[in-house]
Amino acid sequence: MPAEFPDFRLGNVLATSFTATLTERRGNAVERIPTPHRLVDWLAVNGLAVDSCTTAQLDLARELRESIHAAATAAASQQALPAPAVHVINDRSAQGRAAAVLTPGGERRWRLSSASRVEDALSVIAADAISVIAGERDGRLALCASPTCQAAFFDTSQSRTRKWCDMNTCGNRQKKARLKANQRKKPRSAE
């Protein structure tokens, strides 16, 4: 992938991985799908290969991403789901023509329409979000403890007490900050 774009943050849950295409939402936001081609790249990495993407389709994808983030954040905070977000998620879910297929290895894959449209891929992401937000999967929605991130993520850890969306970024950053703060508190020994 081109060096001018930040790496994708990939996870095990399609919907929350999709919301992670915009990170550090409460700090210096990092857009990981700034161009239509970059969305094509992200979809391919996640098993939803499409032939092409227009700027209008990228706008639809970003609207879905923000709607999933808003609904997942509300669900994680045990608040009412925002009606506009629910409307967008439902519309995107209904507008695609994707079908779940079983591979010979026993895995589920998605077959998009013959035109491999972005809308089909977005319908798969929206359906995944519905499944997660509706509580149909084993796990819980949570919000990243990083004050600059606050990403919604799906916690499938055994204790369901995960604090960070990604231990390699947010978790390490928080632990380093805590270590630095503790070191500043300690008086220096006489040399």
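**Exercise 1. Find where S17 sits, decide whether S17 is buried or exposed, and list what S17 touches.**

Step 1. Start with accessibility: S17 has a relative accessible area of 3%. Buried means under 20% relative accessible area, exposed over 50%, and partly exposed in between, with a 1.4 Å probe and protein chains only. S17 is therefore buried.

Step 2. Now place the residue: S17 belongs to helix 1, residues 14–19. Helices are DSSP runs of H or I with at least four residues, strands are runs of E with at least two, and both are numbered from the N terminus.

Step 3. Look at the neighbours. Leaving aside residues up to four places away in sequence, S17 touches R9, L10, G11, N12 and W42. Contact here means heavy atoms within 4.5 Å.

Before you go on, a word on the model: it is predicted, so local features need pLDDT of at least 70 and side-chain atom pairs count only at pLDDT 80 or more, while totals for chains, interfaces and linings use all residues. Residues are numbered from 1 along each chain as its sequence is written, and side-chain values use heavy atoms, with hydrogens and water left out.

**Exercise 2. Summarise the overall build of the protein.**

Step 1. Count the elements: there are six helices and six strands. Along the sequence they follow the pattern α-β-β-α-α-α-β-β-α-β-β-α.

Step 2. Take the dimensions. Along the principal axes, the C-alpha atoms fill a box of roughly 75 × 40 × 40 Å.

Step 3. Check burial and contact range. Of the 191 residues, 38% are buried. Among contacts with a separation of 6 or more, 54% join residues 24 or more positions apart.

**Exercise 3. Describe how helix 3 packs on helix 4.**

Step 1. Two packed helices are described by the angle between their axes and the distance between the axes. Axes are lines fitted to C-alpha atoms, for helices over the stretch in contact, and angles run from 0 to 180 degrees between N-to-C directions.

Step 2. The axes of helix 3 (residues 55–76) and helix 4 come within 8 Å and cross at roughly 130 degrees. Helix 3 is therefore oblique to helix 4; angles under 35 degrees count as roughly parallel, over 145 as roughly antiparallel, 65 to 115 as roughly perpendicular and the rest as oblique.

Step 3. The crossing of helix 3 and helix 4 is left-handed, a term used if the near helix is turned anticlockwise from the far one by less than a right angle, with right-handed for clockwise.

Step 4. Helix 3 contributes L60, E63, L64, S67, I68, A70 and A71, which meet A85, V88, I89 and R92 of helix 4. By class, this contact has eight nonpolar, one polar and two charged residues. Ala, Val, Leu, Ile, Met, Phe, Trp, Tyr, Cys and Pro count as nonpolar, Asp, Glu, Lys and Arg as charged, and the others, Gly among them, as polar.

Step 5. Zoom in on S67, which is buried at 7% relative accessibility. S67 touches A85, V88 and I89, not counting residues up to four places away in sequence.

**Exercise 4. Which backbone nitrogens lie 3.1 Å and 3.0 Å from a polar atom of the D155 side chain?**

Step 1. D155 lies in strand 6, residues 152–155, and is buried with a relative accessible area of 0%.

Step 2. The backbone nitrogen of T161 is at 3.1 Å, and the backbone nitrogen of R162 is at 3.0 Å. A polar contact is a pair of N or O atoms within 3.5 Å; within protein, one must be able to donate a hydrogen and the other to accept it, and residues adjacent in sequence count only if both atoms are side-chain atoms.
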